[in-house]
Amino acid sequence: MTAEPPATDRGRRTARRDRPTRVRRLIAVALAPGLLAAGALGGAGSAAADERPVGSGGAAATLGRLAVHGPVTIRDAGEEWKAEAGLFEMAVTGGGALQSYSVDLRTPAREGTTYKEVGWDQSSLHRNNNAGKIRWILEHSYPQVNDLAALAGKAGVKALDDKAAAAGTQAAIWRFSDNVEALPADPGAGRLAEYLTRAARDAPQPPASLSLDPPAVAGRAGERVGPVTVRAQADRVTVGLAADAPYGVRVVDKAGRPVTDVKAGAQLYFDIPGDTEGGTSALSVQADARVPIGRALVSDTHSQTQILAGASTSTVTADATVTWAARKTTGAIPALSAKKDCAKSGVGITAVNAGDAAFTFELLGFSHTIAARTSRTVTIPLQEDQAYDLTVSGPGGLRKNFTGVLDCETAGTVAIGTANAPANRPTPATAGKPTPIATADDQNLAATGGSAATPMIGYLALGMLVAGGGVVFLLRKKKPAPDEE
């Protein structure tokens, strides 16, 4: 393995690389107090149901124990510490089992935490140029390759047991995910890590096990509203309509036939009778599928990001919502959804307007207008690792609330302007011992930013005004991808 450059040189290069990111972070931190106030104002009035931003659909699972592991020494930037490296077990909601490796070394892995399958664009892999190499390692090592004699032969060692195979595989992954020198204690595991690091090639991002596209549609009573396309890694998908749907509303195929199960690639529509009053509903799809190796697994409780290494046939689900207006009414017909966008360090709120008039909604004290029969995504910049609570309000009492935590980067060190901040010392995040599940008291409050250019200026001014000049900069230095050195 290539030796790490001196810590001082690495620091200089990282500082130069991080300048644009740091500017964005400084803006986000300065905005936080003002936007928290704006969010509180937006939350007044009638209650709005909390919703998580839409992922890609797929599996939800609970993190279990570190099942197969071995000791590894981590070296980075002049520091050295020990960690247990290996495979986690996860229990899928609805049935099934997953195995995963870590791709976020310094963040604790919290046993009992619920995870959701997402694409790389919604995880710490979003700007890692070596994400494809991590997937290659997963496909060519333990547990996908369970012939340990054959794996040992490729690594150039006499034998490997499962603990050495898991430790060596995790060590190779950490080299690409966290840009550290990971050295297994077991000589065979070390040779395996060297082989995997050297042999890894780019592999494409895997598709979602199950998703619906788009996640929200709008229309008018008397019409078939859609389509919503089913994308699945399964032969058949079960389709269900929400129990609160008005009488007569059906889910149908392109020909207008009611459906209860469909093939992957099918297009679904909501068939809404002409005499139905305006309202909203949803459909859910479910399948038994194998989640593709290399899918990211993330949580909303600051628990270590995982990547899928093995899977049984598991229950996977996805949802889509529909909004419709009464048949003879005129005006805007909006549908709202949200999706985490790590490339833009924020959450994108998409508004679809299927009506014949413009739709204007309020978000964080600013107005956004969507023309008739168009859609638009408003991206709200967020501070890394902060919980957020975004309420969208509009005409006719429309209120929709999106909550979650932006977790898009691997953990690093806390630095600038924090005289009393404790060093974020490397944690033996995969030590195999249960870790307390994060609670609301463990997490910071919402810290969010603006959307388009004009609101951004307003957000910045509001943030500075409320901050009163007492801005404290809390920056988290992120580790670059290995090939950026």
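# Questions about a predicted fold

Me: What share of the 485 residues in the protein is buried?
Reply: Welcome! This is a predicted model, where local features need pLDDT of at least 70, side-chain atom pairs count only at pLDDT 80 or more, and totals for chains, interfaces and linings use all residues. Residues are numbered from 1 along each chain as its sequence is written, and side-chain values use heavy atoms, leaving out hydrogens and water. Buried means under 20% relative accessible area, exposed means over 50%, and partly exposed lies in between (1.4 Å probe, protein chains only). Of the 485 residues in the protein, the buried share is 51%.

Me: How many helices and strands does the protein have?
Reply: Helices (H or I, at least four residues) and strands (E, at least two) are DSSP runs, numbered from the N terminus. By that count, the protein has six helices and 26 strands.

Me: How far apart are the sulfur atoms of Cys-342 and Cys-408?
Reply: A disulfide is a pair of cysteine sulfur atoms within 2.5 Å, and the structure holds one. Cys-342 sits in the loop between strands S18 (334-341) and S19 (346-353), while Cys-408 sits in the loop between S24 (398-405) and S25 (413-414), so the link joins distant parts of the chain, 66 residues apart. Both cysteines are buried. Their sulfur atoms are separated by 2.1 Å.

Me: Which residue in S24 is the bridge partner of Leu-390?
Reply: Two strands pair if DSSP finds at least two bridges between them. Strand S23 (residues 387-394) and S24 pair in the antiparallel sense over eight bridges, and seven of the eight residues in S24 are buried. The hairpin has three residues between the strands, and there Gly-396 takes a positive phi near 70°. In S24, Leu-390 has as its bridge partner Phe-402.

Me: Which strands are at the edges of the open sheet of four strands?
Reply: The order in this sheet is S7-S9-S13-S11, with antiparallel pairing. S11 and strand S13 (residues 267-271) pair over three bridges, and Val-252 has Tyr-269 as its bridge partner in S13. An edge strand pairs on one side only, and here the edges are S7 (210-213) and S11 (250-252).

Me: Why does Ala-296 count as buried?
Reply: Ala-296 is in strand S15 (residues 296-298). Contact means heavy atoms within 4.5 Å, and Ala-296 touches residues including Lys-116, Val-118, Trp-120 and Gln-306. Ala-296 and Trp-120 are 176 residues apart along the chain, yet their C-alpha atoms are separated by 6.1 Å. Ala-296 counts as buried because its relative accessible area is 1%.

Key:
Lists of a residue's contacts leave out its neighbours within four places in sequence.
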